[in-house]
Amino acid sequence: MLSSQLSRSASTAAKRFQQQSVRLLGTAKSFHLNSPENNEETYFDFTDENYERVNRILSKYPDNYRQAAMIPLLDLAQRQNGGWLPLAAMDKVAQICHVAPVRVYEV
């Protein structure tokens, strides 16, 4: 009886893991729904004042660890854009951090 319960428990855990790993394989872009305010043609760039902040943030990290600035840069982009992050802002942060956009979407 105990072995059958353990077997069911292990089987259930394996199914949950498989379902989770399938969900993790997607990217934010694959779930993105275009809207007039947020699509692949939407333009985003930091203001001159925020570019000064970008440079201050980046100066805290060695060049080979620029990706470590990703979360502070996303926060800055979100604050500049009124509390939400358009796809273009995430792409801009990826460009600045020298990483693939999917690395930013995963945050």
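Me: Where is the place of Asn50?
Reply: The model is a predicted one. In it, Asn50 belongs to a helix that covers residues 48-58. That element is helix α2.

Me: Is Asn50 buried or exposed?
Reply: The relative accessibility of Asn50 is 7%. Buried means under 20% relative accessible area. Asn50 therefore counts as buried.

Me: Which residues is Asn50 in contact with, leaving aside its neighbours within four places in sequence?
Reply: Contact here means heavy atoms within 4.5 Å. With those neighbours left out, the contacts of Asn50 are Leu76 and Gln80.

Me: How many aromatic pairs does a search of the whole structure find?
Reply: The search of the whole structure gives two aromatic pairs. One of them joins Phe44 and Phe46, with 5.3 Å centre to centre and 80° between the planes. Planes over 60 degrees apart count as edge-to-face, and the pair of Phe44 and Phe46 is edge-to-face.

Me: What is the pair formed by the rings of Phe46 and Tyr51: stacked or edge-to-face?
Reply: The ring centres of Phe46 and Tyr51 are 5.7 Å apart. Their planes are at 75°, so the pair is edge-to-face.

Terms used:
Residues numbered from 1 in each chain as written. Predicted model: local features only at pLDDT ≥ 70, side-chain atom pairs only at ≥ 80, totals over all residues. Heavy atoms only, no water. Phe/Tyr/Trp six-rings, centres within 6.5 Å; stacked < 30°, edge-to-face > 60°. Helix = DSSP H or I, 4+ residues; strand = E, 2+ residues; numbered from the N terminus. Buried < 20%, exposed > 50% of the residue type's maximum accessible area, 1.4 Å probe, protein only.
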